[in-house]
Amino acid sequence: MKLVHKDIDKHGTGHVVLVPEEAEDMWHAYNLVMVGDTVKSTTIRKVQTESSTGSTTSSKVRTMLTIAVEAIDFDTQACVLRVKGRNIEENQYVKMGAYHTLDLELNRKFTLHKAEWDSVALERIDQACDPTQNADLGAVVMQEGLAYICLITSSMTLVRAKIDTIIPRKRKGQCSQHDKAMTRFYDQVMQGVLRHINFDVVKCILVASPGFVKDQFYDFMFQEALKSENRVLLDNKPKFLLTHSSSGFKHSLKEVLQDPSVTARLSDTKAASEVKALQDFYAMMQTDPQRAFYGIRHVEAAFSQEAVETLLVSDELFRARDVATRKRYVHLVDGVRDNGGIVRIFSSLHVSGEQLNQLSGIAAILRFPINDPESDSEEVFSGEEA
């Protein structure tokens, strides 16, 4: 994300001008734009004109519109953010108060104005505009006949390709069909790796599977690379890391990222720090449950006693339509930081974020054990966003 201009006063009111430059930037934009904000961008509008004879002609014109946001929709596949609202500035082609949907796309500048920029939104801009935040981790999760090629960024897990083929079973004395099918499968996965992983950016590629599938694929890939003198693969051979997973499905990434040998290799990535924080939380729940709380009421009770050491919170909570609900979570984040605590904001599109959302979206590791406050089991996570 490129920050073109920033003008926010001491009261937190102002605007920023941003240019999304890659797919993940659209995810950051989705987390920044809220109902009630003002967005200004270029758009195409169909305009009808009437001639002196009464005949009408329609044409499409590009114009600049400013709308008050009423609805937001994010298309993760096309990486397009659609923002719907009423026009609030005079325009040659669009009447004041007329509805329009702006498509915020890659490399198209837009201006976002908020009546109040809170600390979470400002941190999101700093994170999005930090050039070091890239998809520096690739992963191939596989089993016989099935493979997922993923890019793991600091905010999300992107499935770039799924390879699904039928592998015949081995029969006594007849293994040729099985072996040929596996060779074709490994070749498809190798082509997918070359097509979807940018080795100039990615620091490490995890290859995970049950059994020996990963080892056979690894051997096949580099034998083929030697035959074809593929310098891209040969030069980046040290970046590949083989590890075990229980299956070849995407959800197995959770256990892969928790593997100590993998964590050591990925110690400089944000994705690893999120996974480590969640792992520490689960470990604390098992060894000292009075120092591991989840659910907003439990966490607020711990915060009131200045007991929160690490706060784990899903970015989905900050997209609440109710301003008071969002402020409640922002106040908690600011308070924990003021007390010297650590705040980890998880992306709901990341494997670790999906797991945290199953725990209501908010959890805390405490400095010291405290008694369990009144149960908030009747409080449902989805109700927080209503």
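Is Y186 buried or exposed? In this predicted model, Y186 is buried, because its relative accessibility is 6% and the limit for burial is under 20%.

**Aromatic pairs**
- The structure holds 10 aromatic pairs.
- One of them joins F185 and Y186 in a tilted arrangement, with 5.8 Å from centre to centre and 40 degrees between the planes.
- F185 is likewise buried, at a relative accessible area of 0%.
- The pair of F199 and F240 is tilted because the planes stand at 45 degrees, with the ring centres 6.2 Å apart.
- This pair links distant parts of the chain, 41 residues apart: F199 lies in the loop between α3 (176-196) and β11 (204-209), and F240 lies in strand β12 (residues 240-244).
- F199 and F240 are both buried.
- F185, Y186, F217 and F220 are linked into a cluster by ring pairs.

**Charges over rings**
- K84 places its charged end over the ring of Y99, 5.3 Å from the ring centre.
- K237 places its charged end over the ring of F222, 5.1 Å from the ring centre.

**An open sheet**
- Four strands form an open sheet in the order β13-β16-β14-β15, with mixed pairing.
- β13 (292-294) and β15 (342-346) each have a single partner strand, so one side of each has no neighbour in the sheet.
- From one strand to the next, the twist averages 15 degrees.
- β13 pairs with β16 (residues 362-366) in the antiparallel sense over 3 bridges.
- A292 has I365 in β16 as its bridge partner.

Definitions and conventions
Residues are numbered from 1 along each chain as its sequence is written. This is a predicted model: local features need pLDDT of at least 70, side-chain atom pairs count only at pLDDT 80 or more; totals for chains, interfaces and linings use all residues. Side-chain values use heavy atoms; hydrogens and water are left out. Two strands pair if DSSP finds at least two bridges between them. Helices (H or I, at least four residues) and strands (E, at least two) are DSSP runs, numbered from the N terminus. Axes are lines fitted to C-alpha atoms, for helices over the stretch in contact, and angles run from 0 to 180 degrees between N-to-C directions. Rings of Phe, Tyr and Trp (its six-membered ring) pair if their centres lie within 6.5 Å; planes under 30 degrees apart count as stacked, over 60 as edge-to-face and the rest as tilted. Buried means under 20% relative accessible area, exposed over 50%, partly exposed in between (1.4 Å probe, protein chains only). A charge sits over a ring if NZ of Lys or CZ of Arg is within 6 Å of the ring centre and within 35 degrees of the ring normal.
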